[in-house]
Amino acid sequence: MTALEIERASENGRCCMAIHPTGDYVYVAGEAGYVRQFSYGLQNKTLQLAQTLDDAEKCHDDRINEISFTQSGDYFAICSDDGEATLFRHPSCSKMHTMCRYECGVSSVSFINAQYSFLLCMATDDGKVKLVDALRSDERHFEFTCHADGVRCIRWLKYEPI
């Protein structure tokens, strides 16, 4: 499957993609609220549809905005315009739990790039930023308002003093 075929495999409209840290999987999501997992065949170097997260337990009601993997690749988070950010287990795509629910869309999610860390940052369309331990998001989190116009994309940057 080529990049053009992946684009066609997603639905019309905006979509997002994430490559698993091993490079063996590609996840594609978009407007319809579900995610497709493609596996990369090392023998024939093609992408094959492995599974679709489209049942009511795993899919979202609105557009998926972003997918982010932990450095180990064992978990991934998905955020959506339906106001939820959800944690899943890779490669089974089993839902672990919903990490947050907001009245507005969750626009971005990003795991810190550190070994054995599950620190996740998420941002909303109304400007909230939330830092959570993705495995224990109910008990370990910090939230603040960043900008009233919303935060579209959030990333971790390595701090290196001059």
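Mentor: Helices and strands are DSSP runs numbered from the N terminus, a helix having at least four residues and a strand at least two. The model before us is predicted.

Trainee: Where is T70 placed?

Mentor: Strand β6 covers residues 75-80.

Trainee: Is T70 buried or exposed?

Mentor: A residue counts as buried when its relative accessible area is under 20%. The relative accessibility of T70 is 2%, so T70 counts as buried.

Trainee: Which residue has a backbone nitrogen that the side chain of T70 reaches?

Mentor: Not counting residues up to four places away in sequence, T70 touches P21, Y75, F111 and F118. The backbone nitrogen in question is reached by the side chain of T70 at 3.5 Å, and it belongs to D74.

Trainee: Which elements make up the protein chain, and how many strands are there?

Mentor: From the N terminus on, the order is α-β-β-β-β-β-β-β-β-β-β-β-β. The secondary structure comes to 1 helix, and the number of strands is 12.

Trainee: How much of the accessible surface of the protein chain belongs to carbon and sulfur atoms?

Mentor: Of the 162 residues in the protein chain, 43% are buried. The accessible surface comes to about 9,100 Å², and the part that belongs to carbon and sulfur atoms is 49%.

Trainee: Which peptide bond is cis?

Mentor: The loop between β7 (84-89) and β8 (94-101) holds P91. With omega near 5°, the cis peptide bond runs from H90 to P91.

Trainee: Which elements give two or more residues to the lining of the largest pocket?

Mentor: The volume of the largest pocket is about 220 Å³. Its lining has 17 residues, and the closest to the centre are A18, I19, I67, S68 and F69. The elements that give two or more residues to this lining are β1 (15-19), β5 (64-69) and β9.

Trainee: How many charged residues are in that lining?

Mentor: Sorted by class, the lining of the largest pocket has 10 nonpolar and 5 polar residues. The number of charged residues there is 2.

Trainee: Which residue is joined to T98 by a polar contact between side chains?

Mentor: T98 has its place in strand β8 and is buried, since its relative accessible area is 14%. Not counting residues up to four places away in sequence, T98 touches E84, A85, T86 and S137. The polar contact between side chains is 3.3 Å, and the partner of T98 is K95.

Conventions. Residues numbered from 1 in each chain as written. Predicted model: local features only at pLDDT ≥ 70, side-chain atom pairs only at ≥ 80, totals over all residues. Heavy atoms only, no water. 1 Å grid on protein atoms, 1.4 Å probe; cavity = no way out; pocket = protein on both sides within 12 Å on 5 of 7 lines; lining within 4 Å. Points joined across faces, edges and corners; volume = space filled by probe spheres on them. Nonpolar A, V, L, I, M, F, W, Y, C, P; charged D, E, K, R; others polar. Buried < 20%, exposed > 50% of the residue type's maximum accessible area, 1.4 Å probe, protein only. Polar contact = N/O pair within 3.5 Å; in protein donor to acceptor, adjacent residues only side chain to side chain. Contact = heavy atoms within 4.5 Å. Areas by Shrake-Rupley, 256 points an atom, 1.4 Å probe, with all protein chains shown as cover.
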